[in-house]
Amino acid sequence: MNHPRNSAWTWSFLGLGFFFLYAPMLSLIVYSFNENRLVTVWSRFSTKWYAALFQDEQMLGAAWVSLKIAFFTACAAVVLGTMAAMVMTRLRAFRGKTLFAAMVTAPLVMPEVITGLSLLLLFVSLSTWTGFDFARGMTTIWVAHVTLTMAFVTVIISSRLAELDRSLEEAAMDLGANRIKVFFVITLPIIAPALVSGWLLAFTLSLDDLVLASFVSGPSSTTLPMQVFSSARMGVSPKINALATILIVTVSTVGVIGWYFMQRAERRRQREMLLAVKQ
Amino acid sequence: MSALTGGWRRFLPAPRWALISVPYFWLLLFFLIPFLIALKISFAKAAIAMPPFTDVLYWVDGFPVLKLRGENYLFLLGDSIYLNAYLSSLWIAVVATLLCLAIGYPMAYAISRLPASSRNFALLLVILPSWTSFLIRIYAWIGILKPNGLVNNFLLNLGLIDAPIKMLHTPFAVYIGIVYAYLPFMVLPLYTNLVKHDHRLLEAAADLGAKPWQSFLKVTLPLSKAGIIAGCMLVAIPVVGEFVIPEMLGGPDTLMIGRVLWQEFFNNRDWPVASAVAMAMLAILIVPIVIFHRAQAREMEGKLT
């Protein structure tokens with residue numbers, strides 16, 4: 001079959017699109033090594049802003065808070081997201097499934113100002129009704145982030161479950177394994193790559209969120225985006241460029257390595273399935 | 001042994017119900033109920049107390065009394081700033097979504113026609129920016145667009161302009177920021193759709209004498225309708241409530257409803273009015289959210305088209 005080719009037109013669109021996506025990030029990286037305080041006026045190469053960043057106690061403290069929240073968010077979102085995805089793809093219809101499906105997809109597009117405000121009002125109301133103080137802080141941010149990110153994890157895992165060959169699960173069930181065993185022995189290993197990408201996505205979304213955290217955080221829990229936002233409001237600062245460079249380099253490295261391994265695992269799986277069919 | 005576990009099982013909920021109830025309970029408590037509470041508080045009145053609003057529901061002699069005050073909504077209607085903010089948010093969302101579509105469609109189209117081996121890598125390049133901090137990518141544009149920023153310096157050095165052009169803190173900067181931040185969300189669903197197309201349809205169209213642009217308009221574009229809808233909803237709905245981009249790149253006159261809500265809550269500390277602003281925004285967005293949900297649910301349950 002003749003594979004369709006891209007014309008010069010589509011190639012140039014692709015090139016321009018990638019230029020648009022990557023040029024601003026490259027500019028951040030280049031100017032993070034600029035000695036000049038004015039950021040975009042180049043004077044000479046220097047790493048002094050990295051040194052300044054690592055002496056900024058507030059920034060480091062906020063980063064630590066954010067990393068902790070992101071780790072626990074990602075773990076909880078993967079568990080809840082996997083359960084929600086199983087409900088969406090593997091269970092026959094039950095009463096209330098329509099509402100469930102709506103609550104799973106709505107957070108994907110719901111403006112964060114609405115979710116953030118509503119969650120804050122929930123925590124405040126819970127405190128008045130129960131008398132127990134739901135102090136705003138890391139736990140409330142965690143709850144907000146889990147609710148947001150589990151929607152994304154559910155989508156990733158559902159699409160993996162939907163394309164998965166059901167005959168494997170059915171075969172195991174015919175051989176006498178119960179549903180729980182089938183899930184842990186057959187389904188879970190096959191969807192493992194989706195769990196990993198879901199975990200990473202939840203982690204980065206949580207690490208990145210400003211709006212939800214601003215609404216539900218307390219005085220002692222300033223996250224990294226909140227810290228960055230308040231200093232970026234004052235104008236550009238070379239320290240933020242240094243932080244941006246560290247973030248971009250870390251994410252790209254993890255992203256490319258993760259992509260490479262998943263690609264390899266996928267190819268191996270397809271080869272093995274092909275062999276199994278031939279035998 | 002098996003008899004024992006079998007006996008125990010009877011007291012445990014069936015796995016099916018355990019599986020459903022945990023995420024169901026979480027979403028009810030932390031997603032649905034908060035909206036109901038916000039709806040309730042939007043009918044309250046701001047007060048100097050903790051929490052800073054009056055009771056909507058209270059008990060008189062053992063009977064519940066519901067006191068709904070419509071003042072907040074009347075207030076929103078009465079002050080033109082709110083109506084203007086809603087209208088301008090909708091306008092900005094529509095224009096930015098069309099811009100995203102105009103840039104994202106050709107990109108998704110080009111990626112879907114790459115050889116299978118490089119397709120996934122190109123897709124990774126599209127998604128990768130959205131994994132790095134949203135805030136920092138918006139911040140990058142401040143350095144590019146400001147009066148002594150990269151673009152102005154470049155144009156001044158070339159001698160094309162004599163004085164810096166004001167780009168930062170203008171609607172132009174807001175559009176750039178939105179398109180930049182949301183482009184991956186447009187490309188992804190479009191690509192997922194376009195890559196599934198059967199190329200033999202285009203060959204058939206060509207055999208029947210259609211020019212490439214004709215077969216694009218008559219075959220490819222109608223077939224990608226689902227992808228276009230998903231991509232547009234994924235961009236337009238959150239953009240209506242966007243706060244960070246107008247705050248960082250827009251001017252003081254860039255009116256967007258997310259920003260108004262933020263100011264009501266954080267600066268004016270008027271929680272009931274902020275709730276009313278949120279509920280009115282939700283009322284506008286509910287139809288697009290339902291459209292998006294329908295498309296997404298079909299996708300999630302593995303049905304095609």
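In the predicted model, 100 residues of chain A are in contact (heavy atoms within 4.5 Å) with 97 residues of chain B. About 8900 Å² is buried between the two chains, 80% of it contributed by carbon and sulfur atoms; buried area is the accessible area (1.4 Å probe) lost by two parts on being put together, summed over both. On the side of chain A, Phe20(A), Met103(A) and Val109(A) lose the most area to chain B, together 8% of what that side buries. Nine residue pairs, both at pLDDT 80 or more, are in polar contact across this interface, whereas the count of salt bridges (a side-chain nitrogen of Lys or Arg within 4 Å of a carboxyl oxygen of Asp or Glu) between chain A and chain B is zero.

Over all chains, five salt bridges are found. One of them joins Asp56(A) and Lys239(A) at 3.1 Å, N to O. Asp56(A) lies in the loop between α2 and α3 and Lys239(A) in helix α11, so the pair ties together parts 183 residues apart in sequence. Asp56(A) is buried at 16% relative accessibility, and Lys239(A) is partly exposed at 25% (buried, under 20%; exposed, over 50%; partly exposed, in between; 1.4 Å probe, protein chains only). Arg90(A) and Glu169(A) form another salt bridge, at 3.0 Å, between helices α3 and α7; both residues are buried.

Of the 19 residues of α5(A), 15 are buried, so this helix is largely enclosed by the rest of the structure.

Local features require pLDDT of at least 70. Residues are numbered from 1 along each chain, and side-chain values use heavy atoms.

Note on methods
Chains are lettered from A and ligands numbered from 1 in the order in which they are written. A polar contact is a pair of N or O atoms within 3.5 Å; within protein, one must be able to donate a hydrogen and the other to accept it, and residues adjacent in sequence count only if both atoms are side-chain atoms. Helices (H or I, at least four residues) and strands (E, at least two) are DSSP runs, numbered from the N terminus.
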